Amino acid sequence: MSGKVRKPVTLVGFMGSGKTSVGRELARLLGLEQIDLDREIEAREGTTINEIFRTRGEPYFRQRESAALEDATARGNPAVICSGGGIVMDPRNAALIKERSVSVWLKAKPETVYARIREEGTRPVLNDGMSLEKITALMERRLPYYEAASRFAVDTDGKSVDQIAREIAEVLTGIA
Ligand code: S3P
């Protein structure tokens, strides 16, 4: 399958939808580099996402996130880009993702997300009172943005990382 995808591939979707783990497997399958925007930001800032939110605030984080996306897509090199769950809320980011990459929306039910991230404590937008209700409400608000920023969607509920990555790779080799 390697060598067939000629553009960056961006994974979008809610926190806990599997962007990072699916992205790793997809990159392996396609023989591409994986770029995780949150990890890029942490490396550049020398600290964790939680700490960036705590000490600099969300607007600063969003600014760094847009810059990391710009850099990752600027040269159009094929890579699997794993984005953060809130990136699509800025229309400039959403436009850039659509223009410069093939974007895939990893869909997951709120229950799936809750089960995956409830114990983690690494999601500052949910840290003050993580609950199924809160995830459901935030996800509902964001759904149209994921839809608008993506070329196609994949349901992830009840599927393994391998299965999801293979499904995406198959669609991509047909279009990218
Ligand atoms: C965020 C999602 C996180 C990270 C930050 C904000 C969000 O990424 O970018 O905590 O607003 O949904 P993941 O989707 O990889 O957890």
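In this predicted model, a backbone N or O atom of Gly85 lies 2.8 Å from an oxygen atom of the ligand.

| Residue | Atom of the residue | Distance to a ligand oxygen atom |
|---|---|---|
| Gly85 | backbone N or O | 2.8 Å |
| Arg62 | polar side-chain atom | 2.7 Å |
| Arg123 | side-chain N or O | 2.6 Å |

On its own the ligand has 390 Å² of accessible area, and the protein covers 95% of that area. The ligand is surrounded by 14 residues, and Lys19 and Arg142 are listed among the closest, together with Arg62, Gly85 and Arg123.

Arg62 also takes part in a helix contact, on the side of H4. Helix H3 spans residues 49–56 and helix H4 spans residues 58–74; their axes are 7 Å apart and meet at an angle of about 130°. H3 contributes Ile49, Ile52, Phe53 and Arg56 to the contact, while H4 contributes Glu58, Tyr60, Phe61 and Arg62. Of these residues, five are nonpolar and three are charged, with no polar ones.

Two of the H3 residues in that contact, Ile49 and Phe53, are also touched by Pro124, as is Asn50; residues up to four places away in sequence are not counted here. Pro124 sits in the loop between helix H6 (110–117) and helix H7 (132–149). From Pro124 to Gln63 the separation is 61 residues in sequence and 16 Å in space, C-alpha to C-alpha.

Conventions
Residues are numbered from 1 along each chain as its sequence is written. This is a predicted model: local features need pLDDT of at least 70, side-chain atom pairs count only at pLDDT 80 or more; totals for chains, interfaces and linings use all residues. Side-chain values use heavy atoms; hydrogens and water are left out. Axes are lines fitted to C-alpha atoms, for helices over the stretch in contact, and angles run from 0 to 180 degrees between N-to-C directions. Helices (H or I, at least four residues) and strands (E, at least two) are DSSP runs, numbered from the N terminus. Contact means heavy atoms within 4.5 Å. Ala, Val, Leu, Ile, Met, Phe, Trp, Tyr, Cys and Pro count as nonpolar, Asp, Glu, Lys and Arg as charged, and the others, Gly among them, as polar. A residue is near a molecule or strand if one of its heavy atoms lies within 4 Å of it. A polar contact is a pair of N or O atoms within 3.5 Å; within protein, one must be able to donate a hydrogen and the other to accept it, and residues adjacent in sequence count only if both atoms are side-chain atoms. Accessible areas come from the Shrake-Rupley method with a 1.4 Å probe; for residues, only the protein chains shown count as cover.
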